Amino acid sequence: MKVIFMGTPHYGAIVLNKLIESKHQVVAVVCQPDKPVGRKQILTPPETKVIAKEHNIPVYQFNKIRIDGVETLKSIDADIMVTAAYGQILSQEILDITKFGVYNVHASVLPKYRGSSPIQWSLINGEKEIGVTILKTLAGLDNGPILLTESMPISDDDTVESLMQKLGEIGAELMVKALDMLENGKYELKEQNEDEMTYFPMLKKEKSNIDFSKTSREVFNFVRGMAEWPVAVTNVCGNVLKVYSATPVSYLAEREYEAGEVVCATSKLGLIVKCGEGYVRLNDIQPQSSKRMKDTDFLNGKKIPVGTKLLDVEFN
RNA sequence: CGCGGGGUGGAGCAGCUGGCAGCUCGUUGGGCUCAUAACCCAAAGGUCACGAGGUUCGAAUCCCGUCCCCGCAA
């Protein structure tokens with residue numbers, strides 16, 4: 001089949017690579033415009049664009065696809081459109097352009113975890129399983145009928161990054177399979193059960209404060225779910241501390257501590273904080289105006305008194 | 001010229017109202033302990049980002065220029 005691929009970041013790139021390897025033909029790649037990255041604001045092309053160029057596939061980058069993309073897409077001779085983390089909402093007009101319409105790879109077992117950050121939310125909520133769904137895109141949000149689903153367990157070692165990689169690979173295979181099925185006409189679309197639907201919004205920086213009144217396990221999950229972006233934060237003596245990793249630890253405290261109080265801060269043991277239940281060690285952190293480092297390194301240069309209360313960071 | 005922080009032994013930092021380069025950790029060697037997230041002793045390791053720059057009797061510290069790193073904002 002002739003496929004128009006729409007996707008932007010790494011997760012999409014995994015799928016794109018697989019499609020290119022398959023017997024199907026990727027006739028065009030659509031991705032978000034190049035974005036200025038970093039302090040230097042260097043224009044950086046999305047990963048999918050780079051791959052497309054390597055394979056001499058035409059690339060299209062629309063500012064607003066529903067407005068400036070329609071005519072172009074219509075002019076491309078394709079059977080189907082495939083989306084994988086594209087980053088823009090498609091209009092009904094676009095959904096109708098190709099014979100088979102649009103199919104999407106979503107990183108959850110729908111109808112659970114609709115929304116843009118299923119991997120992150122699955123981690124934050126402490127799910128034991130996650131998966132990939134191939135669905136037909138309708139006008140609504142991740143609500144189309146399901147073609148294929150595959151689930152996999154989440155382990156304590158998993159991070160947003162590792163899951164993205166694994167799910168990207170699973171999703172890539174499923175998508176190729178889906179294209180085969182569609183081409184052969186042997187497939188069945190199953191409507192989603194709206195009663196079982198759950199939806200989670202985009203993550204926000206304003207909601208990145210760690211709530212230490214939760215259990216150490218919940219803090220651990222929150223931190224790893226946020227680790228890629230926007231990164232969990234807490235306020236240490238007036239300074240923002242980004243936390244990339246917090247692991248539950250057992251600790252013998254000399255006295256009772258409140259949730260959010262520093263229980264131990266030595267360069268041997270690390271930075272240990274009391275939670276609503278149990279303790280966590282903030283072992284991979286980034287102090288304000290500084291680089292990412294281990295807690296033990298941080299404590300070599302900075303002394304934090306035991307009993308210091310970690311507060312919320314205020315965002316303006 | 002978006003705003004701000006910073007470049008000091010392997011790591012993280014202090015020193016910056018000029019005057020012998022310091023702290024915590026790591027490393028190496030030795031000691032103690034049934035044992036340790038423990039402790040004791042000793043050692044190695046730095047042209048203080050760069051500039052045959054400026055000021056000075058003297059600069060890590062003050063001035064000038066350059067480069068690099070980081071946070072915020074996007």
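The questions and answers below concern a predicted model and how its features are assigned. Local features need pLDDT of at least 70 and side-chain atom pairs pLDDT 80 or more, while totals for chains, interfaces and linings use all residues; side-chain values use heavy atoms, without hydrogens or water. Residues are numbered from 1 along each chain as its sequence is written, and chains are lettered from A in the order in which they are written.

Q: What makes domain 1 and domain 2 separate parts of chain A?
A: Domain bounds come from an automatic or database domain assignment. That assignment gives domain 1 as 2-196 and domain 2 as 205-301. Their C-alpha centres lie 35 Å apart.

Q: How do you know that domain 1 and domain 2 are in contact?
A: Contact means heavy atoms within 4.5 Å. By this rule 11 residues of domain 1 are in contact with 8 residues of domain 2.

Q: What is the buried area between domain 1 and domain 2?
A: Buried area is the accessible area (1.4 Å probe) that two parts lose on being put together, summed over both. For domain 1 and domain 2 this comes to about 780 Å², with 53% of it on carbon and sulfur atoms.

Q: Why is the pair Asp156 and Arg217 called a salt bridge?
A: The term requires a side-chain nitrogen of Lys or Arg within 4 Å of a carboxyl oxygen of Asp or Glu. The side chains of Asp156 and Arg217 meet at 2.7 Å, N to O, so the pair qualifies. Between domain 1 and domain 2 the count is 1 salt bridge.

Q: Which helices supply at least two residues each of the side of domain 1 that touches domain 2?
A: Helices are DSSP runs of H or I with at least four residues, strands are runs of E with at least two, and both are numbered from the N terminus. Helix H5 (118-124) and helix H6 (160-184) each supply at least two residues of that side. The largest share, 3 residues, comes from H5.

Q: Why does the salt bridge of Lys49 and Asp34 tie together parts that are apart in sequence?
A: The closest N and O atoms of Lys49 and Asp34 are 3.2 Å apart. Lys49 lies in helix H2 and Asp34 in the loop between strand S2 (25-30) and strand S3 (35-37), so the pair links parts 15 residues apart in sequence. The structure holds 11 salt bridges.

Q: What is the phi of Asn56?
A: Asn56 is not a glycine, yet has a positive phi of about 55 degrees. Asn56 is in the loop between helix H2 (47-54) and strand S5 (59-60).
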